Amino acid sequence: MVAISNPPVESFFLKPCKQINNPIKFPPIPIIDLSKPESKHLLVKACQDFGFFKVVNHGVPLEFIAKLESEAMKFFSSPLSQKQKAGPPDPFGYGNKHLGQNGDLEEFRCAVNDYVTSVKKMTCEILELLAEELKLKSRNVLSKMLLDEQSDSVFRVNYYPPCPELQEHESKGKKMIGFGEHTDPQIISVLRSNNTSGLEILLKNGSWMPVPPDSNSFFINVGDSLQVMTNGRFKSVKHRVVTNSLKSRLSMIYFGGPPLNEKIAPLPSLMESDEASLYKEFTWIEYKKSAFNSRLSDNRLCRFENNYNILG
Ligand SMILES: O=C(O)CCC(=O)C(=O)O
Ligand SMILES: [Fe+2]
């Protein structure tokens, strides 16, 4: 599934953060060098401590990245009638599985295919390194869900136009939301953006940390399903995008998901003998339906927690 979307900018300002006169020192974002064998240990640590990390020496050809960026920019700057040919908005934006199959957008489709094939390979390598370091019973226990023909993975390209009206408020530390806070429901998300800032992740201490953009690297998020499969060891990190007053932001995200009927539950080979399962087992389709019926910012996993009490 391919979705190409122009996330609605919420035209209200976020409260200024205290940072303005009292800059917060943020922790460094873990950087994983995939060409180094010791990355396995750091990968697990990053998933536990942050649920988020940056990947360098990833092996995805830079020409695939550049080609997709230029095709996507061409697409977003084309007239609405042209963009609508990419497919009906479902649930929003443009595009579906059949992107470009009627002859339009052929080059865009090829660029998406090259990019996604390569990013999926890298993602599977990351999942296999994680499985090894976690001593799971087989190396492909996580990656096979993405490699399955029925894998419910999604690829989305987001375009955020600049918001010049923000400029006069920026000096007071105010921000405007481009994509509201949320966690990603799948197993793992792989984000690449142009060099425009905007992405922020929520730290355990409740502060939002801006992620400096790096157009040659990938940023990886643990998704809700991986949090469940690791019985809460890995954290599905909350994130959001704030708008930029001067520059447009283009991001491309591969969401690696399991097949619809896959059962999601803590992996037995990861659990200590006396460890209680924090989550009830569910299928990916059940979780997806429940997530689509909730608000973006809700903690969508809590309904599936073993100690969930419907009365609160
Ligand atoms: O556009 C971005 O940078 C992030 C968007 C995002 O978090 C998402 O599409 O799930
Ligand atoms: Fe996200």
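Contact here means heavy atoms within 4.5 Å. The model is predicted. Each exercise below is followed by its solution.

**Exercise 1. List the residues that Leu-278 touches, leaving out those up to four places away in sequence, and place Leu-278 in the fold.**

Step 1. Locate the residue. Leu-278 sits in the loop between strand S13 (263-264) and strand S14 (282-283).

Step 2. Apply the contact cut-off. Leu-278 touches Asn-231, Gly-232, Phe-304, Glu-305 and Asn-306.

Step 3. Check accessibility. The relative accessible area of Leu-278 is 42%, so the residue is partly exposed.

Step 4. Take one distance. From C-alpha to C-alpha, Leu-278 and Cys-302 are 10.0 Å apart, with a sequence separation of 24 residues.

**Exercise 2. Describe Gly-232, one of the partners of Leu-278.**

Step 1. Gly-232 belongs to the loop between H7 and S11.

Step 2. Its relative accessible area is 14%, so Gly-232 is buried.

Step 3. Beyond four places in sequence, Gly-232 contacts Gln-227, Leu-278 and Tyr-279.

Step 4. Gly-232 and Gln-48 are 184 residues apart in sequence, yet their C-alpha atoms are 8.7 Å apart.

**Exercise 3. Find what Glu-281 contacts, and decide whether Glu-281 is buried or exposed.**

Step 1. Glu-281 is placed in the loop between S13 and S14.

Step 2. Exposed means over 50% relative accessible area. Glu-281 has 51%, so it counts as exposed.

Step 3. Leave aside neighbours within four places in sequence. Glu-281 is then in contact with Lys-263, Ile-264 and Ala-265.

Step 4. Compare sequence with space. Glu-281 and Asn-231 are 50 residues apart in sequence and 11 Å apart from C-alpha to C-alpha.

**Exercise 4. Identify the donors of the iron ion (ligand 2) and explain what the pair Asp-184 and His-239 ties together.**

Step 1. Collect the donors. The iron ion (ligand 2) is coordinated by His-182 through NE2, Asp-184 through OD and His-239 through NE2. The distances are 2.1 to 2.2 Å.

Step 2. Read the spacing. Along the chain, the donors of the iron ion (ligand 2) follow H-x1-D-x54-H.

Step 3. Asp-184 is in the loop between strand S6 (175-182) and strand S7 (188-193), while His-239 is in strand S11 (residues 239-242), so the pair ties together parts 55 residues apart in sequence.

Step 4. Check burial. Asp-184 and His-239 are both buried.

**Exercise 5. Classify the packing of helix H1 (residues 39-49) and helix H4 (residues 106-133).**

Step 1. The axes of H1 and H4 come within 9 Å and cross at roughly 90°.

Step 2. Angles of 65 to 115 degrees count as roughly perpendicular. H1 and H4 are therefore roughly perpendicular to each other.

Step 3. List the contact residues. H1 supplies Ser-39, Lys-40, His-41, Leu-43, Val-44 and Cys-47. H4 supplies Ile-126, Leu-129, Leu-130, Glu-132 and Glu-133.

Step 4. Sort the residues of the contact. Six are nonpolar, two polar and three charged.

**Exercise 6. Count the disulfides and account for Cys-47.**

Step 1. The structure holds zero disulfides.

Step 2. Cys-47 is in no disulfide. The nearest cysteine sulfur belongs to Cys-124 and is 15 Å away. The cut-off for a disulfide is 2.5 Å between sulfur atoms.

Step 3. Cys-47 has 2% relative accessibility, so it counts as buried. Cys-163 has a relative accessible area of 5%, so this cysteine is buried too.

Key
Residues numbered from 1 in each chain as written. Chains lettered and ligands numbered in written order. Predicted model: local features only at pLDDT ≥ 70, side-chain atom pairs only at ≥ 80, totals over all residues. Heavy atoms only, no water. Donors = N, O, S within 2.8 Å, 3.2 Å for Na, K, Ca; no water. Helix = DSSP H or I, 4+ residues; strand = E, 2+ residues; numbered from the N terminus. Buried < 20%, exposed > 50% of the residue type's maximum accessible area, 1.4 Å probe, protein only. Axes fitted to C-alpha atoms, helices over the stretch in contact; angles between N-to-C directions. Parallel < 35°, antiparallel > 145°, perpendicular 65-115°, else oblique. Nonpolar A, V, L, I, M, F, W, Y, C, P; charged D, E, K, R; others polar.
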